[in-house]
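Please look over the sequence and the structure below before reading on. The briefing that follows begins with a single residue and then turns to the protein as a whole.

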Amino acid sequence: MRKILIIDDDDQLRESFHKLLLEEGYHVAAAASGEEGVEMVAAEAPDVVVLDMRLPGMSGLAAFQAIHAM
């Protein structure tokens, strides 16, 4: 099964994506911060990451760079 990770600090948007993708049959994980998302990528190695660029704490760009380095 394909794994998708959603990293977004907007609760409503994150939940909407999560619900939609689950209904389409994907395994979906979600993180509310860049730090949490990077940890989840290291632990689970999703096939796709949907990443908000404007995040509190670790920026989306910094999260992307950390994920890309893995």
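Arg14 lies in helix α1, which spans residues 11-23; helices here are DSSP runs of H or I with at least four residues, and strands are runs of E with at least two, numbered from the N terminus. The model is a predicted one, in which local features need pLDDT of at least 70, side-chain atom pairs count only at pLDDT 80 or more, and totals for chains, interfaces and linings use all residues. Residues are numbered from 1 along each chain as its sequence is written, and side-chain values use heavy atoms, with hydrogens and water left out.

**Surroundings of Arg14**
- Arg14 counts as buried because its relative accessibility is 10%, where buried means under 20% relative accessible area, exposed over 50% and partly exposed in between, with a 1.4 Å probe and protein chains only.
- The side chain of Arg14 reaches the backbone oxygen of Asp8 at 2.6 Å.
- Leaving aside residues up to four places away in sequence, Arg14 touches Ile6, Asp8, Asp9, Ala30, Ala31 and Ala32, a contact being heavy atoms within 4.5 Å.

**The whole protein**
- The protein has 3 helices and 3 strands, and from the N terminus on its elements follow the order β-α-β-α-β-α.
- Of the 70 residues in the protein, 29% are buried.
- Among contacts between residues at least 6 apart in sequence, 58% join residues at least 24 apart.
- Along the principal axes, the C-alpha atoms of the protein fill a box of roughly 30 × 25 × 15 Å.

Definitions and conventions. A polar contact is a pair of N or O atoms within 3.5 Å; within protein, one must be able to donate a hydrogen and the other to accept it, and residues adjacent in sequence count only if both atoms are side-chain atoms.
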